[in-house]
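Here is a short report on one structure.

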Amino acid sequence: MAEQPKLGFIGLGVMGEPICRNMLQKSGAPMLIADLNPDPVARLTALGATETTPEEIAARADILFLSLPGGPQVEAVAGQLIPHLRPGATLVDMSTAPVGLTRRLAEDAAAKGARYADAPVARTRAAAEAGTLAIMVGADDATFALIEPILSHAGDTILHCGPVGCGQVAKILNNMVLFQNVVAMSEALALGQAAGMDGAKLFDVISQGSGDSFALRNHGMKAMIPDTFPKQAFPTDYALKDVSYALDLAREAGLSAPGAELAEARMKMAQAAGYAEEYFPVLARLAGTPTE
């Protein structure tokens, strides 16, 4: 029986902690962990993980996972780790980060004789807890084959999107489509209610027609209709970051993306209104501004 790879995990936040826990408990592999917050570290060490420094994880782990808030954190942490990677080790970034940064870090890792993959996740915190995330992977074929069994402990849909960077492309554009859908739903809800229709009834009818979508049944019916936008979900600040990455892709390609620009503008309105930490469909509260 082949020896289990030694795993490492850095970034034990809302998504990172359950992802790490599922990998730890389902793989049976040794897991080294690090995070600035002692609470998730304590919970995971109680399950058998070993706390150590990021540099020590980079030096000892065969496969090292990152789950961080965004590009600046990925750049800082990966830049700290890559000099310590062993030849043959694999660094897997499960954050959502810019495509250009991802490909540059992959080149830096390759110069150390290490592999790099981007594996951002989609779906909800509940899916992270249940191990049913969708994970979009950018990697060469050999690296994907190496990491797919470990990723399958955290997700039930592991998608090989192409070479390094393509996981980020897919995730960023998936979110761009989602955000535009939520903007459209917020407008439909405001217009429907202004015209005298019950919002819940409106969304139920749309869900049975060609306007049906995952966003409608989840973001719309479960958040916008009850007007419930908790913190510690996917906040406006994070959504704004992700749509900015989509607009970066548009600028790099020399293409316009007016739908994404509208979503960004609505999110900035929500942020300015004090909803930076609330679940991002809160932008529905700002829809339907009266015309002059």
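Cys 20 counts as buried because its relative accessibility is 0%. Buried means under 20% relative accessible area, exposed over 50%, and partly exposed in between, with a 1.4 Å probe and protein chains only. This is a predicted model, where local features need pLDDT of at least 70, side-chain atom pairs count only at pLDDT 80 or more, and totals for chains, interfaces and linings use all residues. Residues are numbered from 1 along each chain as its sequence is written, and side-chain values use heavy atoms, with hydrogens and water left out.

The structure holds zero disulfides. Cys 166 is in no disulfide; the nearest cysteine sulfur belongs to Cys 161, 7.3 Å away. A disulfide here is a pair of cysteine sulfur atoms within 2.5 Å. Cys 166 also counts as buried, because its relative accessibility is 19%.

Strand E1 spans residues 7-10. Helices (H or I, at least four residues) and strands (E, at least two) are DSSP runs, numbered from the N terminus. Leu 7 and Phe 9 point one way from E1, Gly 8 and Ile 10 the other, and all are buried. In a regular strand the side chains alternate between the two faces of the sheet.

E1 pairs with two strands, E2 and E4. Pairing requires at least two DSSP bridges between the strands.

| Partner of E1 | Sense | Bridges |
|---|---|---|
| E2 (residues 31-34) | parallel | four bridges |
| E4 (residues 63-66) | parallel | four bridges |

Leu 7 has Met 31 as its bridge partner in E2. Gly 8 has Leu 64 in E4.
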